[in-house]
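I opened this notebook to record what I looked up in one protein structure. The entries run from the overall fold to single residues.

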Amino acid sequence: MKTYSQKPAEVTRKWYVLDASQASMGRVSTVAASLLIGKGKPTVTAHVDGGDYVIVINADKLVVSGGKEEKKVYYNHSGFPGGLRERPLKEVSGTEALYAAIRGMLPVNKLRDGRLARLKIYATEAHNHNAQQPDVYELKGNK
């Protein structure tokens with residue numbers, strides 16, 4: 001028996017919708033990263049991007065626990081002396097925080113930019129991908 005290796009021409013992609021108001025930020029991020037990589041598929045191959053499209057809705061209703069609104073800090077630096085900018089999670093938009101969380105869970109390689117291009121994050125329930133007939137992915141767990 002030989003090991004199966006997926007070819008780029010054999011990739012089939014589905015569309016999934018995740019509701020960020022149903023579970024915590026970590027749960028939504030791990031499920032989204034797993035779908036983008038294609039971990040749940042039997043044809044997963046490390047060097048071929050075989051993941052699916054992910055639409056995350058209600059990012060402004062993002063749920064966090066443990067006092068992360070004040071404790072979690074996002075850092076940006078301009079490159080100039082004294083150019084460090086610190087913002088707590090409560091000042092960052094939900095879409096930006098969710099994007100950073102999902103980006104941090106993807107492997108750092110040549111496939112990451114393509115995977116992030118298939119991630120669509122919306123602040124409300126409205127999205128313009130109804131023509132793709134996305135499946136609603138039920139998140140397990142508490143808020």
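**Entry 1. Overall fold**

I note at the outset that this is a predicted model. I looked up the secondary structure and found four helices and six strands. Following the chain, I read the order as β-α-β-α-β-β-α-α-β-β. I then took the extent along the principal axes, where the C-alpha atoms fill a box of roughly 55 × 35 × 30 Å.

**Entry 2. Burial, contacts and surface**

I looked up how much of the chain is covered: 41% of the 143 residues count as buried. For contacts with a separation of 6 or more, I recorded that 70% join residues 24 or more positions apart. The exposed surface comes to about 8,900 Å², and carbon and sulfur atoms supply 52% of it. I also counted charges, with 22 positive and 14 negative side chains. The centres of these two sets lie 7 Å apart.

**Entry 3. Helix H1**

I turned to H1, which covers residues 25-37 and has 13 residues. Its first and last C-alpha atoms are 18 Å apart, close to the 18 Å expected at 1.5 Å a residue. Which residues of H1 are buried? I listed Met25, Val28, Ser29, Val31, Ala32, Ala33, Leu35, Leu36 and Ile37. I then looked up what covers them, and the cover includes strands E1 (15-19), E2, E3 and E5 together with helices H3 and H4 (112-117). Just after H1 I found Gly38, with a positive phi of about 95 degrees.

**Entry 4. Helix H3**

I checked the length of H3 (residues 94-105) in the same manner. Its twelve residues should span 16 Å at 1.5 Å a residue, and the end C-alpha atoms are 17 Å apart, which agrees. I next asked which residues of H3 are buried. They are Gly94, Ala97, Leu98, Ala101 and Ile102. These residues cover an arc of only 125 degrees around the axis, which puts them on the same side of H3. I recalled the general rule for such spacing: an α-helix has 3.6 residues a turn, so residues three or four places apart point the same way. Against what do the buried residues of H3 pack? I recorded H1 and the strands E2 (53-57), E3 (73-77) and E5 (119-121).

I looked up Asn58, which lies in the loop between E2 and helix H2 (68-71). Its phi is near 60 degrees, a positive value in a residue other than glycine. Is Asn58 buried or exposed? The relative accessibility is 3%, under the 20% cut-off, and therefore Asn58 counts as buried.

I then looked up Gln133, in the loop between E5 and strand E6 (135-136). Phi of Gln133 is near 50 degrees, again a positive value in a residue other than glycine. At 64% relative accessibility, Gln133 counts as exposed, since the limit for that class is over 50%.

I ended with Ser93, placed in the loop between strand E4 (84-88) and H3. Ser93 has 33% relative accessibility and so counts as partly exposed.

How values were computed. Residues are numbered from 1 along each chain as its sequence is written. This is a predicted model: local features need pLDDT of at least 70, side-chain atom pairs count only at pLDDT 80 or more; totals for chains, interfaces and linings use all residues. Side-chain values use heavy atoms; hydrogens and water are left out. Helices (H or I, at least four residues) and strands (E, at least two) are DSSP runs, numbered from the N terminus. The expected span of a helix is 1.5 Å times one less than its number of residues. Buried means under 20% relative accessible area, exposed over 50%, partly exposed in between (1.4 Å probe, protein chains only). The arc is that of the directions from the helix axis to the C-beta atoms. Contact means heavy atoms within 4.5 Å. Accessible areas come from the Shrake-Rupley method with a 1.4 Å probe; for residues, only the protein chains shown count as cover. Lys and Arg count as positive and Asp and Glu as negative; His and the chain ends are not counted. The place of a charge is taken as NZ of Lys, CZ of Arg, CG of Asp or CD of Glu.
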